[in-house]
Amino acid sequence: INQFRLDYQWLSDHIVSHALAADEKTYLCGCPSYDDTPRRGREGMVCEEASPDIFYGQMKSLYSIAKMRGHDFLFVNAWNEWAEGSHLEPDLRYGYAYLKSVKDALEESDDLHTNIIEKQVKHNKQKGLCNHFYVFCIESMGDIVASEPISRYLKQLDTNCKLTWIVKPQYKPIVEFNPNIDDIIEVECLNSGEKICSELRKKECNIIVDTHFDGRWCSKTKIQHRNNNNVIVNEKTYFYFESLLGSFCLSAGLPILNAAPRFYLNSNSKIPENIPEKYVVIHCLSAESTKDWEKQKWNELINEIIALGYAVVEVGIKPVVTVRSKFYIDKTDERDLQLIARIIEKAKCFIGIDSGFAHFANALNVPGVLIFGKYKNFDFPMSYTGNYANGINSEIIYADHDFAKTVSVENVFSAFKRVMGKMIEI
């Protein structure tokens, strides 16, 4: 038999991901299983490992999305389509289990929980307790910068609160000059941070603001993180909530914030003397190679930018540019995040892939050109709030349902000239 086979769990995840990506006019539909080989024989398609439990999770997610959009009902693709192996009608194998999955999903689904933190604040105030927020956002650079508006929101929610940020040591410079943060706890990994949060929860006045979505893997221990605030936010869906900040807010039990991030600089950090006044900062390598642009294209672009009279400063893990020119300055050996932020702040423009340093540039209001492509199951991910999300003095060049490396030099250079032209007009 040559029929096409696919995993039912994968299909369910795919259905939910597409439901989140669809516009609000789209009505959602679940699928209990599928097997059309009785109709199509060898050309048929079979869903393997289908079960009422997986269908329950699918329906619960779809119903939550529908409620979020003000829709009161869902479709299911078939009641008794026996020739396509898709039916809710009771059968000899599962009895009423699929119908019970629908019933349980509808009864247990709620709107997205966006007031969990607010309820805890009110509870503590009623008991005369001083709220102490612990923002649990340990990595990466981009996530921490994108989450900065949360610190301002919490301080507005309770002006008398204390706020502590839990973070990895290497990212401490990103948060230590934030005036809204009273203290910092350094942890080595997600799992160790989770253990600290478990202890902190034992004290009633402590409120954990956990921005990590359910199922996120700890890079050190390989243990999955558990966050039950809004389980619909996970690795397959987190780019479908307006921005990274939006998904982090929902994971924490906060309303979706849309404020632009701010980067708080160390007043003692100074631009190195060997960097000229008129320069562009580039960042070429991310932590994940699927986000990167091709080396040859970077070098072609740098030659074009230098020809326009700009110097180019490269930041990052290691250099990509091989152009030999007094107008190219390699700062990839610099590890002081505050100093790198200062270099980015004074640049005429930032050009890069989706990365932490792109978030620095956005938070520092630096004009930018970003090179984006599909990432995991997201064809057009949006990481930002603020200028880069709204196209203010910036452009994001997306590959057409492909990886960032397929974007042309011409498109990036044209975007750079447009952005710089707008700045000259201003």
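Predicted model: local features only at pLDDT ≥ 70, side-chain atom pairs only at ≥ 80, totals over all residues.
View 1. A nonpolar core here is a set of buried Ala, Val, Leu, Ile, Met, Phe, Trp, Tyr and Cys residues joined through side-chain atoms within 4.5 Å; buried means under 20% relative accessible area, with a 1.4 Å probe and protein chains only. Leaving aside residues up to four places away in sequence, Ile 344 touches Val 281, Phe 350, Phe 357, Phe 360, Ala 361, Leu 364 and Val 366. Residues are numbered from 1 along each chain as its sequence is written, and side-chain values use heavy atoms, leaving out hydrogens and water.

View 2. Four strands line up in the order β9-β8-β7-β10, with parallel pairing; strands (E, at least two residues) and helices (H or I, at least four) are DSSP runs numbered from the N terminus, and two strands pair if DSSP finds at least two bridges between them. At the edges sit β9 (183–186) and β10 (206–210), each pairing on one side only. Strand β7 (residues 132–136) is joined to β10 by 5 bridges, and Phe 136 stands opposite Asp 210 in β10. Helix α7 (residues 148–157) packs on the sheet, touching β7, β8 (162–167) and β10, where contact means heavy atoms within 4.5 Å.

**View 3. Two aromatic pairs.** Across the whole structure, a search finds 19 aromatic pairs. Rings of Phe, Tyr and Trp (its six-membered ring) pair if their centres lie within 6.5 Å; planes under 30 degrees apart count as stacked, over 60 as edge-to-face and the rest as tilted. The rings of Phe 263 and Phe 360 have centres 4.7 Å apart and planes at 45°, so this pair is tilted. Phe 263 is buried, with a relative accessible area of 8%, and Phe 360 is buried at 0%. For Trp 293 and Trp 298, the ring centres are 5.0 Å apart and the planes at 85°, so that pair is edge-to-face; both Trp 293 and Trp 298 are buried.

Notes:
Axes fitted to C-alpha atoms, helices over the stretch in contact; angles between N-to-C directions. Buried < 20%, exposed > 50% of the residue type's maximum accessible area, 1.4 Å probe, protein only.
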